[in-house]
Amino acid sequence: MGAEKSLEAMLPLVYDELRMVAARYMSREREGHTLQPTALVHEAFLELQKQYAVDFSNRAQFVGVAARLMRRVLLHHAEARGAEKRGGPAAVLSLDTAIDGLEAQAAVPFADLHEALERLAVMDPRQAQVVELRCFGGLTIEETAEAMELSVATVKREWQVARLWLKRELGGG
Amino acid sequence: MTGERWERVKELVAAALELDGAAREALLAGEVDAEIRAEARSLLAAEDPAFLPLPGAMPAAIGPYRIVRELGRGGMGAVYLGERTGGDFEQAVAIKLIKRGMDTDAILGRFREERRLQARLNHPNIVRLLDGGVTESGLPYFVMEYVDGQALDEYCSALDLRARLGLFLTVCDAVDFAHRNLILHRDLKAANVLVDREGRPKLLDFGIAKALDSETGLTQVGWRALTPEVASPEQMAGGPLTTASDVYSLGKLLGKLDGGAAGDLGLIVARATAGAVEERYATAALLREDLARYLAGEPVRARAGGVVYRARKFVRRRWKSVAVAAVVGGALLFTGGTAIREGRRAERRFKEVRQLANSLLFELHDAIAPLEGSTEARALVVGKAIRYLDQLASEAGDDADLQRELAQSYLKLGQVQGSYFEANLGQVGDAHASFAKAVVLLEGVAKRQPLEVMVKAELAQALLRLATTENAGGRPEEALRLCERALGLLWMPHWRAQLGKGMAHFGRAEAYLRLGRKAESTAAREEAISIFAGLVAKDPANREPLRLLANASRRLGTEAGVARALEADEKLAALAPKDTPAKLNVAADHSYLGALAMRAGKFAVAERELGLALGVLRAHCAADVKDVRARGSLVHNLLLAGQVEVKLGRAGAAREMVREAERAAEGLKGEAVEELRKARGELGG
């Protein structure tokens, strides 16, 4: 996928930009939206995408690639910070917030969540895609349905079962 | 399990999730395939509402309350219907769960304050705030009385105008009650006024907006609790709020309900939503009163205010013609002696405005300028000043003294707006406009008073200021012309005139530089330097020649030049220890010397100079968080220092510098970020 390759190449450059743009973004209130931090990073990514003008054939393709990259960005950040104390002033570091949020919700370290998702993808790629779009793209069920060109009911089902499956995989310890 | 069987499992689980208890069991039992059934059961057993809930999922319980269903969702978070079951009582409550990403500790601290104040808010039309806390996952929540009802605008859609206004009167009463107990609402929108099944309006969210408002002025990532539709102008500007701010919101609310009414009702709405605070009803009670008068068919106050106000404004604008015509004509334009009295009052007001403008600009700015953290305050001063000056200028007529005074004010304003002789807010275009206004005013006076020497000096000064913006704005030929014109006017021996000559040569040097005529540029600069040095020698305590000497020497761009500038800047800093720009200039000189040393390969020297610069910059940026320019400078210098560390073989220290630079660059745009990106690339990481 040509588009993905160019985004990948940009990743090291834009990585920290994302934080800055996202922090700025979080300071703007969006009435009626309850956005997750991952969604904010995703939105920040969208803004940067405008700058780099990478060509995508449709929104779904872009969103899919972006969500995947977001996940890699978060994984990279999670690995990097490791045991290191989170420094810096009280500024909202969206990447940290996103990871913390997901870890709190999943009750496991980020890397474990990532791995479980990899396993899910082997078993059911479409389902894993739904999870990725929701968790890392911050899309609602309706938006995911639109991006993947599926019905809302289908997406809802995929999401519900995926959650259970992941919980079972991770909860066991 | 994969493929088709897995799809079956998914379908089964999804269907089972829609059912409860016995129905669910029945469905599962109905599945013939044992493996599929077992897998489905196993998955259903893993159900955990707290796992990856994401938006749209509901918690089972918040604090001691069981969550029944979601009532709604807003910008701050979701609202749920909750039940407290304990012993023998059940109480329905509404729980507002604040979304992730807000500053929990601060919110709760303020909430506790609010709750204390709200203990007084016992009113039938105000929803009581019952409790508050933090969930296990760290989200703050507020618990309120539950009101089963509709938002005010929805409820009113079925009512006629009189009925709507009747409800609104009650709302005003409730707001006024809160105000008398010293509590503002701050977010009075239709969604915050519910009408219950008995037709009683209930106001929601008193004080919650305050608890959620991040008030720390210095934080850039601050979240403001307001609804743009109903927020008053002062609220949008982040200014102090009063009862009148709530009145504004009430006015907006009334506007929504009145169906576009004109006449008296329209005037009431207009008065309540006036942009300027002093033109509104001061309290909700006054608004209520006027509304009650309207409903009773009596004359409303909103109408009365307009005419007198407009007349006053008219006379003020025309005071000269009114007063003169009255005297010459021997007749009065208005009834009785009002015209002349109005005229005199207007003249007094005129003088007041003039004094105000001067004191604003000169005194206030001079007082603020040297202090740390002054950037924002100075921006406020500038805004006010522009308005006052333009108003005065339009009324100045032929008054030469006034015009000269105004010209000085415009020059000062322009300096504040942006000139490279002083620390500035970076707006060259605005400065150009202000300087041009000064030139126009002074040219007029000079023409009418050709023998006035001081006027010539003032005009020369204005021309030079204008020249700086021409240079900065990319028009060096124009700058050159202005500087040469100024030189022609500055023949007097007075030291200020000499200073002006020095500045004129400096301006010429800058212009030649931009035109690529290096030799002439250097010659002009040396001229300027020798004039300034001479003035410094004559009067060492005079800061102006020192400052100009520093600037001129620095612009030579040689080690000797910058070292000389440093000497002058250090003297300046010594003369005025509290002066921030002076300290920053010393830092800039060290930085410059550092950069020159780097270019010459003298890395140890560079390290020392950059270290001195960083010392000052770090301290300043910590004290004045809003100074974007200084932060950009800090980032730039950190990156330079990083490069020096690399040259000295200390990669670890270099990375430290880059990291510090990244932190400092948070929120910056433009050049600093560009540099950062390049540096990161070079340092590989």
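This is a predicted model: local features need pLDDT of at least 70, side-chain atom pairs count only at pLDDT 80 or more; totals for chains, interfaces and linings use all residues.
Residues are numbered from 1 along each chain as its sequence is written, and chains are lettered from A in the order in which they are written.

**Chain A**

Let us start with chain A, which has 8 helices and 0 strands. Helices here are DSSP runs of H or I with at least four residues, and strands are runs of E with at least two, numbered from the N terminus. Read from that end, the elements of chain A go α-α-α-α-α-α-α-α.

Of the 173 residues in chain A, 57% are buried; that term means under 20% relative accessible area, with exposed meaning over 50% and partly exposed lying in between (1.4 Å probe, protein chains only). The accessible surface of chain A is about 7600 Å², and carbon and sulfur atoms hold 52% of that. Such areas come from the Shrake-Rupley method with a 1.4 Å probe.

Contacts (heavy atoms within 4.5 Å) tell you about the fold as well. Among those in chain A with a separation of 6 or more, 66% join residues 24 or more positions apart.

**Salt bridges**

Over all chains, the count is 40 salt bridges, each being a side-chain nitrogen of Lys or Arg within 4 Å of a carboxyl oxygen of Asp or Glu.

| Pair | N to O distance | Relative accessible area |
|---|---|---|
| B:Asp196 and B:Arg200 | 3.4 Å | B:Asp196 9%; B:Arg200 38% |
| B:Arg475 and B:Glu470 | 2.4 Å | B:Arg475 37%; B:Glu470 5% |
| B:Lys571 and B:Glu567 | 3.7 Å | B:Lys571 39%; B:Glu567 46% |

B:Lys571 and B:Glu567 sit 4 residues apart in helix α23 (residues 559–575) of chain B, so about one helical turn separates them.

There is also a salt-bridge network to look at, linking A:Asp124, A:Arg126 and A:Glu158 with B:Glu7 and B:Lys10.

**Cysteines**

How many disulfides are there over all chains? The count is 0, where a disulfide is a pair of cysteine sulfur atoms within 2.5 Å. A:Cys135 is buried at 1% relative accessible area, and B:Cys172 is buried with 1% as well.

**Two helices of chain B**

Helix α16 (residues 400–417) of chain B has 18 residues, which should span 26 Å at 1.5 Å a residue; its end C-alpha atoms lie 25 Å apart, in agreement. The expected span is 1.5 Å times one less than the number of residues. Because 15 of its 18 residues are buried, α16(B) is largely enclosed by the rest of the structure.

Helix α27 (residues 651–665) of chain B, with 15 residues, reaches 21 Å from first C-alpha to last, close to the expected 21 Å. Its buried residues are B:Ala654, B:Met657, B:Val658, B:Ala661, B:Glu662, B:Ala664 and B:Ala665. These cover an arc of only 165° around the axis, so they lie on the same side of α27(B). The arc is taken over the directions from the helix axis to the C-beta atoms. An α-helix has 3.6 residues a turn, so residues three or four places apart point the same way.

Conventions. Side-chain values use heavy atoms; hydrogens and water are left out.
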